[in-house]
Amino acid sequence: MRSALWCDGVRVRYGGIEVLHDVRLALAYGTFSALVGPNGAGKTTLLDWCAGAATDASATEGRLRLNGREATTWSAARRAITGLRYVPFERNVFPALSVLDNLRACAATDALSRFPELEALAARPAAVLSGGERQLLAVASAMFGRGSILLIDEPTHGLAPALADRVLEDLARAAREDGRAVLIAEPQPDRVESFADFLWPLDRGARLPVVGA
Amino acid sequence: MSGGAADLAVAGLGTGAAAALAGLGVLATYRVTGVLNVAFGAIGMFGAYLERSLVRDAHLPVYAGALIVVCFFAPLLGLCLEAAVFGPLQARAADVAQLLTAGFGVTVLLVGIATAVWGTEARTDAPSLLPGGTMRIGGVDVPTAVPIELALVLAVALGLAWFSRSGPAIRAVIDDRRLAEFAGLPARRLSRIGWVAGTMLATLTGVLLAPQLRFDPPALTLVIFETLGVAIAARLRSASLAILFAFGTAIIQAELTAVHLTGAAGSVLDAVRSNLFVVLLLLATWFTPAFTAPVTARQRPPSRSISIAPFVLLVALGVVCWNLRAVDLRTALTIPALALVLLSFRVLNSAGLLSLGQAALAGIGALAAGWASGWGILGAPLAGAAVAVVLALPVLRQAGLHLAVATLAAATALSSFLFDQPLFTPSSVARPGFAQADRAFLYFELCLVALALLCLTALVRGPGALRLSALRDSEIAARTAGIAVDRERLAVFAGAGAMAALGGALWASGDQVFDPTAFEPAQGLIWFAAAAAVGFADSTALIAAAIVIVVADSYVAGASAILVGVATLVLPRLRWTEVARHAFGPMV
């Protein structure tokens, strides 16, 4: 399988506290992986680092490759142009734009047919959506948009269980049928284990042995 | 409207058009980049000087000069600012203070360069880009330039409107630049367009305004900067509101020239008329709903450790000053005074507050010292604290950029309406009886700085320190935790105001005269930029910065501006304060 994202020796410090200790990760195209672990395990920090968004860390180390190219020093924008699409946990939609315009901006209008919940909200500004609706919009924008490597922080947060399952199902399909590399952060392993190809456990900043599905 | 009133209104249209273009320039940059370009006044000034030089010295035709400045120099400057200063800052999610500091760094650098190249003498020979003469429309004499200026404003406004509505991708970048970058949208390219548009409009404003004024580099910079109120009143969003406020203010300003009062009322009216854009800026920051910069960074927790380093530095300063010649000793009197003003930023920083008005509070202290001779120094902190509370009340719930601009507006208003009015300023400032000699006064000052450091220690280690840390970290969380946020903030403003006022009182007492130029808003910006460059939370570095500023200015007047300008752009990249912190441990 072709390597989409590879990182090694990732260390991230906030002030004097190291929150990631020598973490290593590899993603292949066509696979759906989940970073799992309790709160404070470093899942969001690892996603931030991979996306070039760990700008408030006091120090970072590690190497990153995207599509086999050295990308450690690339800005978040350059990583995105290369195909990495990151959906952070907060501030993940454009609040002044309507739902439809959010999807248009990300070239993801196909999401409307898959998620009728969004179609009903198409004209509404994203700023007035509920937490769950906003999360669905953010995930759908990424899933049906341009990126070939999707990093999504807690995609099912705030979603009703049935909708959460549909989202995970679609993420798995985006990986297997569209050939994308999908990595999500998820605090509850049992929620994703039936969908994901690989589980990457993290515990207090250290990676535990990978679990293949 | 009578013929006279209509003539005056038409006369105001020229100024209104220039202010509108400046406001639209600020909006163009802010809406695309999220950065409030506080350097636009200096950019406009530099453009005006460059155009004047090309026309008067290089003998180019006026249109060629303006074309080179607005269509070649300005875009180049905009691209350089984006590539070298603001782009990298935004890439690492710089906070409001860092972005403001960089803007002020650019301002003081451009003013410093303009002063070095073109001198400080006031000029009245800026070439006019627009034709002279008048035409008669509806019984009113209209300057020929006015329709052209109005057409320019309309064209720029339409261009901005078209740009901001053209496609969801562009609107997405305008809405949240950081998220747009994650989504692979062309945020950087739009950023460059925003900077190019902003600098082009700033230089165009300078080129249009300069022929109407008697100007020198700092004065022209301030005149253009005062039009910031137009953009603030429009909440940094609405181009049509910005245009409305620009023309409205300029027309009222023109109409007021027909009103004549005598005595003190006349002086006040003159001050209001000539500073009407300052009044607009002040009112806009007080009464517009909160606006905040979309770019924020997680704040570094303040150090709660104690170090003796600043006390050692004070002792070293005292030892060095023991052997100074009389003239150098006189200069050195300013160091502890300035150190106190810079340390007041440390007080504000303890609660995560920003203020660009500390120079004005220092000025209040200086006035208090002058009004109550001798021991007025000790009353100055009370006066500073009281004025700080009054100025803070209307914007107590604001944060970040809004608070910074509001305090700057208050400082500008105090400077224009109080410090510059002979009616209010004392003719001399006396020292306390026991400190009449310079040397005695210097050691008295150093003792007061040491006392202030002890107070700072109590602030960062005392029982209220955790509350301030909580407030600094998250205002919402602090409120929900039962902390009286407004009261704490007022107390911090009062404390910082008292410290700055004490510094100002010592400054004026050291000079034995009240010098309003010492407490101008521009001076305050240099001090803010210096404090930001070395780190608000580092008392030792703040005292060292005071030493460097005073010593640099004693050798070459105005050298500190260039030095601070360079420092604000270079030091944050070197992060030497962090290196020092790692090497020598935390400081007070």
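Chain B splits into domain 1 (3–130 + 145–287) and domain 2 (309–584). Keep in mind that this is a predicted model. Between the C-alpha centres of the two domains of chain B there are 30 Å. Where they touch, domain 1 of chain B puts in 28 residues and domain 2 of chain B puts in 33 residues.

Which elements give two or more residues to the domain 1 side of that contact in chain B? They are α4 (96–118), α9 (217–225), α12 (263–274) and α13 (276–287) of chain B. The top contributor on this side is α4(B), with 14 residues.

Now for the core. The largest nonpolar core holds 285 residues, and L342(B) and A530(B) have the most contacts inside it. Helix α1 (residues 3–33) of chain B supplies the largest share of this core, at 14 residues. Both parts of chain B take part: domain 1 (3–130 + 145–287) and domain 2 (309–584) each give the core at least three residues.

If you want to look around A530(B), skip its neighbours within four places in sequence and you'll find it in contact with L342(B), A545(B), I549(B), V564(B) and A567(B).

Next, a helix pair in chain B. Helix α18 (residues 376–392) and helix α23 (residues 485–511) of chain B pack with their axes 7 Å apart, at an angle of about 140°. Angles over 145 degrees would count as roughly antiparallel, so α18(B) and α23(B) are classed as oblique to each other. Their crossing is right-handed.

Most residues other than glycine have a negative phi. E154(A) and Q512(B) are not glycines, yet each has a positive phi. Here they are together:

| Residue | Phi | Loop | Other C-beta atoms within 10 Å |
|---|---|---|---|
| Q512(B) | about 60° | between α23 and α24 (521–534) of chain B | 14 |

Q512(B) has 14 within 10 Å, so it is partly exposed.

Methods. Residues are numbered from 1 along each chain as its sequence is written. Chains are lettered from A and ligands numbered from 1 in the order in which they are written. This is a predicted model: local features need pLDDT of at least 70, side-chain atom pairs count only at pLDDT 80 or more; totals for chains, interfaces and linings use all residues. A nonpolar core is a set of buried Ala, Val, Leu, Ile, Met, Phe, Trp, Tyr and Cys residues joined through C-beta atoms within 7 Å. A residue is buried if 20 or more other C-beta atoms lie within 10 Å of its own, exposed if 12 or fewer, and partly exposed in between; C-beta atoms are placed from the backbone. Helices (H or I, at least four residues) and strands (E, at least two) are DSSP runs, numbered from the N terminus. Domain bounds come from an automatic or database domain assignment. Two residues are in contact if their C-beta atoms, placed from the backbone, lie within 7 Å. Axes are lines fitted to C-alpha atoms, for helices over the stretch in contact, and angles run from 0 to 180 degrees between N-to-C directions. Angles under 35 degrees count as roughly parallel, over 145 as roughly antiparallel, 65 to 115 as roughly perpendicular and the rest as oblique. A crossing is left-handed if the near helix is turned anticlockwise from the far one by less than a right angle, and right-handed if clockwise.
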